[in-house]
Amino acid sequence: MENDLKLKLEQLHQRVDALKDQINTEEATKNAFVMPFIQIIGYDIFNPTEVIPEFICDIGTKKGEKIDYVIKKDGEPILIIECKHWREKADAHNSQLHRYFHVSKSRFVF
């Protein structure tokens, strides 16, 4: 199983390398790269009780903030995935992830 996961992740990496220059939006990044990743790590992207897109995460006075994907297990968030266009620097969004992490019960942020 571990080798299967490694192979699938390597295949996704090759796909990303091959397609990235044709991906022009954050939404396209989600569809081409992030959703396949979520499937590879074992979650059903079509099950709205397991993978929740656009999860509302109100933070203090900031209302209506949305996490791109929350993965739940037994009804509790276990993983937060915040997406940006693949060309954006992830570090520029650390404060956003930090806020989401502290408001939700998730222990993993990606």
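Hi everyone, this short talk covers the salt bridges and one surface patch in the structure above.

A quick word on conventions: this is a predicted model, where local features need pLDDT of at least 70, side-chain atom pairs count only at pLDDT 80 or more, and totals for chains, interfaces and linings use all residues. Residues are numbered from 1 along each chain as its sequence is written, and side-chain values use heavy atoms, with hydrogens and water left out.

Let's start with charges. Searching the whole structure gives six salt bridges, each meaning a side-chain nitrogen of Lys or Arg within 4 Å of a carboxyl oxygen of Asp or Glu.

One of them pairs K30 with D68, with the closest N and O atoms 3.0 Å apart. That pair links distant parts of the chain, since K30 sits in helix α2 and D68 in strand β2 (residues 66-73), 38 residues apart. Helices (H or I, at least four residues) and strands (E, at least two) are DSSP runs, numbered from the N terminus.

Are K30 and D68 buried or exposed? Both are buried, where buried means under 20% relative accessible area, exposed over 50%, and partly exposed in between (1.4 Å probe, protein chains only). For K30 the value is 5%.

K30 also bridges to E27, at 3.5 Å between the closest N and O atoms; these two are three residues apart in helix α2, about one turn. E27 is partly exposed at 44%. Through shared partners, E26, E27, K30, E54 and D68 form one network.

Over in helix α1 (residues 2-19), K8 and D4 lie four residues apart, and their salt bridge has its closest N and O atoms 3.5 Å apart.
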